[in-house]
Structure formats: structure tokens, C-alpha cells
Amino acid sequence: MDLDVCVRKRLPPFELQIDLPCPAEAMTVIIGPSGAGKTTLIRIIAGLEKADAGRIQYGQEVWLDTTQGICLPPQRRRLGYVFQDYTLFPHLTVEENVAFAAKDRKKVRYLIDIFGLSPLVARRPDAISGGERQRCAICQALAREPRVLLLDEPFSALDVFTRRDLRDKVRAVKDELSIPVVYVTHDVNEALFLADRLVPIVGGRLDKTWLQRSLARAGSPGEERSRSMREPRLSLAY
Amino acid sequence: MDWTALFLSLKLALITTVVLMILTAPLACLLVYCRLPGKAFFEAFVNLPLALPPTVVGFYLLMVMGSDGVFGRLWEGLTGSPLLFTFTGIVIASVVYSIPFALQPMRAAFEKIDPRLIESARILGLNAPAIFGRVIVPNSVNGLAASAILVFLHTLGAFGVILMIGGSVPGQTRVASIAIYEAVETLQYGSAALMSLALLPVAYLFLLIVHRLTRK
């Protein structure tokens, strides 16, 4: 089933105003500079933040409709959310974290296996690496059998090798699932690799020309290049 | 040496601790996680026993819990027996008197929990009581333990409030602190010294544990 998002929210520097259809078969990648409203948008989809106006609909189910005063709490949206930085439960082991909201034990074992977490099941989050923690977080989100998967810069704190490895995993997972996946990133390389649909957001609005502009800017010499612009070259070198 | 008084003190402290933990945990949660109107007023009110002399707290409790007081009359109507000068009476008084000692460390412990953990739990489908049981409590065990120990010690040391509500009925309300006071009044210094000595290591040990639990 598809997810349809159309929201507005006043933020201090600008107004977030996004119309975003997320079809079930596609990985929708939201890209844009920091502070463009990407995280706010995804938090509104999750129900963690309120929108000033708008409507979010999953299939026939309305999650948010400000004109009718409908706003489903996050608990009832049944979605998976992988945060930017690790939000595993520190008092639980890797396995307990993955199983935290799981309905099916077999699914938990399966996810732990395919994400290569088997040797770590008894460890606590503070005893594993950043990449392992994010793999565990993805498993935790998937174990709940979510209807929509949201990933908010899940790998931005990781080194380039780990990031590429996990990127492949996410792509593989998406190919197996037919649920809408929304992936937020500021990394052009990652976006181009993952996206079925690319949605550049700048200043709270869809900006179709941003990607071209930033790619062109990266080519011109002398100008300060962002890290994300250098990375495609890095990946060629490896 | 009044063993009954020592035993009574421990019993009072233990019951007060259990009652207060159950009572203040949800309260602390509300104060930390919910935006409530008049929160500051409420907090200042329950923290009053910190600032007022125990005799003042005791006096107001006496007014409320006495046979002419609102709560005292209600209690007598329900149970048929008065509240003053009974063990139940001093339990209630100790609970009120120790609320701040339970609430403050608990609040601090809850405030230390990463709010993203709670967001994550909400997304994973947990309702508020489940979040409390599965996320908040296990991640604030130290704070909860510190809070319990402080309440226990504070109740063990309560004197003025208990004297005003309970008097000194042997086996009912004559707790160690009151027995020691009375021993000194009647010049039984030996007995007072022994009972004091019995309380000292308990208090010291528990304070060490609190220090261990709350450091970092």
C-alpha cells in the first residue's frame, strides 16, 4: 500500500511545505542540506511531531488530517524508524533489542542471521561498534513487521566502508519488502545509489534543481566542496 | 535498650518506602514527561516538608488527620477507628513527610533518560504504562534505589512529625528516635547510647550505597 504525505509546518527559518507520495514499490530518498526540514518531515510522518496543516494517508487509513482533527499516535501507525544516532535500549542485549517489539521469534532469528549479528546477540549496545548498532536498529525496526520504514540518516555517523556495506544491505532489504521506504540523507552518493525516487528538499520545499546545482558546483574548481561531494571520488579510489 | 522501638522504626521505614515508591514513581513520570498546567505550584507544594520545620508539617497533618479534620473524619467513617496515635497514622505522616526525598532523585533519574529512547519505544508500539515498565524503570534503577534508600533513612530519622501525630505509644508509635529522646529525658543515657549506636552504622552504610548509586 502507498503512503501519501502532504504537510505544512512553520519552522523558525522557513515554512515546511511538502507534497510527497511514497509508493510501496519504491525507495524514496529525501536529500538536501542540513537544516532543510528533512528530519522534521520524517518525524511528522512518524507522528512524533505535529504538523500545522496537512494529511497523511496510508492506503485507505488516515494517519493525519488536520481538517478533521485526526492524528494517530506513533504507536498506532505501526512503522519502523531508524534514527540518526543509535537509540537501542542500553539495558537490553542485541537479541532483546531486536525482539523488543517483535511478534514472531523466527523473524527475529532470521533478521539477526541475515544482518550478521549472530555472534553479538548477548552483547549490550555499548559493547558493539557503531555499524553493528545501526544494523541492530534496522533489525529492531524490521522485526516489528512495519507497514512503512523510515530511515533518518542512519549511517551518517559511520565510516565510509561500513556505510557502503550497510547501504547494500538496505538496498537488498528493500528489494525483498514491498513497503514504502523513506530514506533521508545529505549524502549525494548514497542517495544516487539507493533511490528509486529522489526528492531534493531545500528550505522546506521540493527543489528539483538542487541536485544538479550541487553536482555542478562540485565540479567547479576552487570552491569549497562538501564532504558528500568528495565521496564519489573516494569510492572510485577504493 | 528498647528493641521494640528499633523494630518499629525499621517496620515504619520499610512500609513508608514501599508505599512512597509506588506512589511517587508515576508522579515523577508525569512531572518529567508531561506538560501540565500548574506543575511548578504542585511541585513546590509537595516539596514543602523539605523547607518547613517538622513540627509545622506535623501540626498541619494533625489538623487534617485528627477526628475533626477532613481526612481523619473520612478515615473514622470508613474504618471506625481514629488515625492519631496509631501505627497507620504515623505511616501516613511519614509518607507525606518523605515525599520530596522520593521525588527528587527519581525525577533526576528520569530526566537523565534519553528522550529518544522513549520516542523509539512509542514508535515500536508501546503504550505509556509499557514504556514506564520496559524502558523508564530499567534505565533508572540506580536512581530508584537511591530514592528508596533516602526515603528509608529519612523515615528512620523522623522525629517531630511522628511525635505530633503518634505520640509515644509503646509498640504502636514509639519508634527509635522517640525512644532515644525519652531515654535521655529520663536520664537513661546507657539505653540512649545503645540505640543510637544501633542506628549509626545502618545510616552510614546506606549513605555509602547512595553515593555509589548516584556517582558519575
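In this predicted model, chain A is divided into domain 1 (3-78 + 147-237) and domain 2 (87-146). The centres of domain 1 and domain 2 of chain A, taken over C-alpha atoms, are 24 Å apart. Where these two domains of chain A meet, twelve residues of domain 1 are in contact with seven residues of domain 2. On the domain 1 side of chain A, strand S8 (148-152) and helix H6 (160-176) each supply at least two of the residues that touch domain 2, and H6(A) gives the most, with three residues. By class, this side of domain 1 of chain A comprises eight nonpolar, one polar and three charged residues.

The secondary structure of chain A comes to nine helices and eleven strands. Chain A has a radius of gyration of 18 Å, close to the 18 Å that the globule rule gives for 238 residues, so it is as compact as a globular protein of that length. The C-alpha trace of chain A spans about 55 × 50 × 30 Å along its principal axes. Among the 238 residues of chain A, 41% count as buried. Of the contacts in chain A with a separation of 6 or more, 71% are between residues 24 or more positions apart.

That leaves the partner chain. Here 15 residues of chain A are in contact with 13 residues of chain B. Helix H2 (74-77) and strand S7 (79-82) of chain A each supply at least two residues of the side that touches chain B. This side of chain A has ten nonpolar, three polar and two charged residues.

Methods. Residues are numbered from 1 along each chain as its sequence is written. Chains are lettered from A and ligands numbered from 1 in the order in which they are written. This is a predicted model: local features need pLDDT of at least 70, side-chain atom pairs count only at pLDDT 80 or more; totals for chains, interfaces and linings use all residues. Helices (H or I, at least four residues) and strands (E, at least two) are DSSP runs, numbered from the N terminus. Ala, Val, Leu, Ile, Met, Phe, Trp, Tyr, Cys and Pro count as nonpolar, Asp, Glu, Lys and Arg as charged, and the others, Gly among them, as polar. The radius of gyration is taken over C-alpha atoms; the globule rule is 2.2 Å times the number of residues to the power 0.38. A residue is buried if 20 or more other C-beta atoms lie within 10 Å of its own, exposed if 12 or fewer, and partly exposed in between; C-beta atoms are placed from the backbone. Domain bounds come from an automatic or database domain assignment.
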